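Open the model in your viewer and keep the selection tool at hand. This tour says what to pick next and what is there.

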Amino acid sequence: MTIVDSRAELETDQLAALREVLQRCANAKGGYYAERILELFLEPAKLDSLDDFQRRFPLTSKTDLVGDREANSPYGSFLTEPVEAYTRFHRTSGTSGEPLVWLDTPHSWGSMLDGWEEILRRAGVVSGDSVFCAFSFGPFIGFWLAFEAASRMGCLAIPAGGLSSSARASLLKSSKANVLCCTPTYAMRLGEVVKETGTAHAVEKLIVAGEPGGSIPETRERLSSLWGGAAIFDHHGMTEVGPVSFESLDHPGFLFVLEKHFLAEVVCPEKGVKVEEGEIGELILTTLKRSACPLLRYRTGDLVRKRHVELDGVHVLALEGGILSRADDMVVVRGVNIYPSAVESVLRRFPEIDEYEVEISEQARMAEMCIRVEWNGPDEEKGVEQLGESLRDAFALRIPIELAEAGSLERYEFKSKRWRWKTP
């Protein structure tokens, strides 16, 4: 881990890295960014400041990526090296549109491994630990980086793809893995299987990603209880940019951006201007290390609350409460902004809720919400009434609640899709 002495030193390092990335993009003839960079900066090596870049360079959107892939199939024109130099192939999960292919050279892949090693170290993972990766090991980048970074650190990296939940529980027991990597939803599911089967385990730490749940106190408490008091560490990243943030043991509830790897901004989604400290906006990222497939001022679609928190003597950009929502998941119901993480925070206070689903519909051109829950406990009627009161206290709204039959709602082994939009 590289330690910088001050915010000024960090930003000096960021500017130097940004100049190099811009030069690589400018040198990539026919590349997506090449012409725009030469028009705006002429000589990237003489870029004056980070602010100058952020003020003048346009945002890059997911729509831009899709259009570029269609025009330059199959890999697009964002690559800065000949395609023969690339050795890693991954695709986005497709949860917000058609999957996009992303390529990496050994160098760019190594830079992301550096980021994941930081995430593991911040969670207290050390050489000799056993890291259990419970995901499919398909083309989605998922925990591939976690697996390889753990191995590079001297840990025993255990792949648990292609297995049922009961088989994974058995492997957890036999391998005596003490670190589990998966989504919060699957950690809940696997924990229930472990509990139902009475399977012993040695898990001490859960590193979760892919959903907001890892930074929601109620979800964290439920996961920790389900896993015998295990410590919960959140993290987030994207196939397009790599690992983005980590949680520090000393600052639970904050995700710290890997600012040696990214130039990060938080802007108003509608106006594109930076939000103030403590305000909510969209996270914008420029990759500084993954220079073989860079993205400049990329709109992540993640809504976050901007904070600067001291870490290792430097005030680092921190996302209070983690990822609050995807910009396209936040819904306005009768004038109230409702984020998926806020709804989950209320629902996870009720251990009787096994699973839930949120349905959004449109009535008289206004969004309406209904929540379905599987209730597993006594006093069902009273419990649902208390849930309704808790939702009303949280959002100043009466939100309809429907009971679902036990086991009728979908269970997820990767990213959940609990929010559903009902079409007329």
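Select helices α10 (residues 340-347) and α11 (residues 380-395). Their axes come within 10 Å and cross at roughly 140°, so the two helices are oblique to each other. Axes are lines fitted to C-alpha atoms over the stretch in contact, with angles from 0 to 180 degrees between N-to-C directions. Helices are DSSP runs (H or I) of at least four residues, and strands (E) of at least two.

Now show side chains. A342, V343, V346 and L347 in α10 meet L387, S390, L391, A394 and F395 in α11; contact means heavy atoms within 4.5 Å.

This is a predicted model: local features need pLDDT of at least 70, side-chain atom pairs count only at pLDDT 80 or more, and totals for chains, interfaces and linings use all residues. Residues are numbered from 1 along each chain as its sequence is written, and side-chain values use heavy atoms, without hydrogens and water.

Next, pick T105, in the loop between β2 (101-104) and α5 (106-122). Is T105 buried or exposed? T105 counts as buried, because its relative accessibility is 3%; buried means under 20% relative accessible area, exposed over 50%, with a 1.4 Å probe and protein chains only. Leaving out residues up to four places away in sequence, T105 touches E81, A85, Y86, T87 and A292.

Last, select L296. Beyond its neighbours within four places in sequence, L296 contacts residues including V21, L22, C25, I37 and F53.

How values were computed:
Parallel < 35°, antiparallel > 145°, perpendicular 65-115°, else oblique.
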